[in-house]
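Hi,

Here is the structure I promised to pass on.

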Amino acid sequence: MLRIIKTRLEQKYRTMAYPDGPPPDLPPRFAGRPVINGAACQSGCDRCMVACPVGAVRLFDADKGPVIDTGGCLFCRACETACPVGAICFDREYRLAASGRESLLVRSGSPDFAPARYETAARLFGRSLKLRQVSAGGCNACEADSNVLGTLAWDMGRFGIQFVASPRHADGLLITGPVTENMRLALDKTYAAVPAPKIVIAVGACAIAGGPYTGHPEQHNGVPHILPVDLFIPGCPPHPLTILDGLLRFIDRIK
């Protein structure tokens, strides 16, 4: 016992201070919320739209430049590279989650981040939120970045948020993957097993809009085509900080 206490004192406290302290350092290659300077766009130029591999960029109008759907965006920065005048850049803003699908559309003049608070979740699950994670055809990237929130450094459980083994013990579903046809029935049954009131959280470009599999006949272009979604967390995959920030703003633990 004394040895355990000694080891604990030597290891000290390793859980990060966020959100009471500064957020952890993000990797140099991290691509956050895009910023668009529509005034710099050249008339008739569509290079950003052509460069996007998933059709997440479309032209808004000649004066206001392109619109990027961060719900479908892979954050590959192909549009940023293709733009000859630097009208698109991806900054370090990790707050990407939103409670409304339309709020994921970023255009020139968009705010730094979109609202994610959901009244029902804040009122009922602000102190205790149990989630059943469903990989509906995901590649394991979003799943890995969700699971890391349970590790010592992130310690998502200190906010009362935990993943549970049974949907009957859950307040809602956290879904990754584009919802393949083979997983649709399992997803429907899992959703039906969650007691009401229940919430649905779509994590990653695949779960929100199909990601790189958009239009493939063996999948359903994301969760919104199957279930009502209350929180969208973009990314491919989203950084753990983006997921945690989205969950905390969703239940009104941070603003």
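Below is what turned up, starting with the sheet and ending with the charged residues.

Before that, some housekeeping: this is a predicted model, so local features need pLDDT of at least 70 and side-chain atom pairs count only at pLDDT 80 or more, while totals for chains, interfaces and linings use all residues. Residues are numbered from 1 along each chain as its sequence is written, and side-chain values use heavy atoms, with hydrogens and water left out.

**The sheet**

There is an open sheet of 5 strands, in the order 7-6-8-9-10, with parallel pairing. (Helices, H or I with at least four residues, and strands, E with at least two, are DSSP runs numbered from the N terminus; two strands pair if DSSP finds at least two bridges between them.) Strand 7 (161-163) and strand 10 (231-233) sit at the edges with a single partner strand each, so one side of each has no neighbour in the sheet. Further in, strand 8 (residues 172-176) and strand 9 (residues 199-203) pair over 4 bridges, with L173 opposite V200.

Helix 6 (residues 181-193) packs on this sheet, touching strand 6 (129-135), strand 8 and strand 9. Contact here means heavy atoms within 4.5 Å. Helix 8 (residues 240-250) lies across strands 6, 7, 9 and 10.

**A lone aspartate**

D171 is in the loop between strand 7 and strand 8. This residue is buried (under 20% relative accessible area; exposed is over 50%, partly exposed in between, with a 1.4 Å probe and protein chains only). Even so, D171 has no salt bridge, and the nearest side chain of opposite charge, K130, is 6.8 Å away. (Lys and Arg count as positive, Asp and Glu as negative; His and the chain ends are not counted.) Its contacts beyond four places in sequence include F125, K130 and P197.

**Salt bridges**

How many salt bridges does the structure hold? The count is 8, taking a side-chain nitrogen of Lys or Arg within 4 Å of a carboxyl oxygen of Asp or Glu. One of them joins D69 and R101, with the closest N and O atoms 2.7 Å apart. D69 is in strand 3 (residues 65-69) and R101 in the loop between strand 4 (88-90) and strand 5 (105-106), 32 residues apart. D69 counts as buried at 13% relative accessibility, and R101 is partly exposed at 27%.

R117, E119 and D252 form a network of salt bridges: R117 meets E119 at 2.7 Å and D252 at 3.2 Å, N to O.

Cheers

Note on methods: Axes fitted to C-alpha atoms, helices over the stretch in contact; angles between N-to-C directions.
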